[in-house]
Amino acid sequence: LGGAQPASIEAPRLGGPRTPTATMAAMRRTAAAICAGCVALGSIAGVGAAAPSLLARGRRGAEPDKEQLQREAWLSGHLKDVFELDRDGRISKQSGLSLPWNYDEIKLRNARDDCGDGPGSVVAAEVKRQQEAQQRGELSASRLSAQR
């Protein structure tokens, strides 16, 4: 490797030819100055080190607390046909892609599935069951009295 010099790069706004090493050094100084300006601007605006920056928060806003994440995980687990967790671990509407083809047959029992006949149907079924039990009791009592 002979004594070949690096090619010059023209930078007309900066005042003449520069080598790639000098250009990189100038870029690093510029980036450091921009970062220092952002830190100064953040301290003027009252943004401390404890509060995450807007870029760190992402599109959805501030980070959710632990209870909210637990609640969302519970909902997506127990109401699998309504909710699912997205790739960020947040709850979203069920897309249908995370359910098996026979989910209606294998899903866990849920109280809302027991009351599908409308309000009052469970109470009406219980009243009917009690009346039938009372009639069976009367029939067996009459049979016992007839045997005497």
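## Burial and surface

Of the 148 residues in the chain, 9% are buried. The model is predicted.

Contacts follow. Take those in the chain with a separation of 6 or more: residues 24 or more positions apart account for 14% of them.

## Fold elements

The chain has 6 helices and 4 strands. Read from the N terminus, the order is β-β-α-α-α-β-β-α-α-α.

## Confidence

Mean pLDDT for the chain is 74. A value of 70 or more is reached by 62% of the residues.

Strand β1, residues 9-11, has the lowest confidence in the chain, at a mean of 49. Strand β4 has the highest, at 91. Where pLDDT is low, predicted coordinates should not be read in detail.

## Salt bridge E72–R90

The structure holds 2 salt bridges. One of them joins the side chains of E72 and R90, with 3.5 Å from N to O. E72 lies in helix α3 (residues 66-78), while R90 lies in the loop between β3 and β4, so the pair ties together parts that are 18 residues apart in sequence. The strands on either side of that loop are β3 (83-85) and β4 (91-93).

Are the two partners buried or exposed? E72 has a relative accessibility of 9%, so it counts as buried. R90 has a relative accessible area of 16% and is buried because the cut-off is under 20%. The side chains of R90 and E72 also make a polar contact, at 3.5 Å.

## Salt bridge E126–R129

Which residue forms a salt bridge with R129? The partner is E126, and the closest N and O atoms are 2.7 Å apart. Both residues lie in helix α6, which covers residues 121-147. They are 3 residues apart, about one turn of the helix.

E126 has a relative accessibility of 30%. That value falls between the 20% and 50% cut-offs, so E126 counts as partly exposed.

## The two pairs side by side

Side chains of opposite charge can pair when their charged atoms come close. Here, E72 in helix α3 is paired with a loop residue, R90. E126 and R129 instead sit within helix α6. The N-to-O distance is 3.5 Å for E72 and R90, and 2.7 Å for E126 and R129.

Technical notes
Residues are numbered from 1 along each chain as its sequence is written. This is a predicted model: local features need pLDDT of at least 70, side-chain atom pairs count only at pLDDT 80 or more; totals for chains, interfaces and linings use all residues. Side-chain values use heavy atoms; hydrogens and water are left out. Helices (H or I, at least four residues) and strands (E, at least two) are DSSP runs, numbered from the N terminus. Buried means under 20% relative accessible area, exposed over 50%, partly exposed in between (1.4 Å probe, protein chains only). Contact means heavy atoms within 4.5 Å. A polar contact is a pair of N or O atoms within 3.5 Å; within protein, one must be able to donate a hydrogen and the other to accept it, and residues adjacent in sequence count only if both atoms are side-chain atoms. pLDDT is the predictor's confidence in each residue, from 0 to 100. A salt bridge is a side-chain nitrogen of Lys or Arg within 4 Å of a carboxyl oxygen of Asp or Glu.
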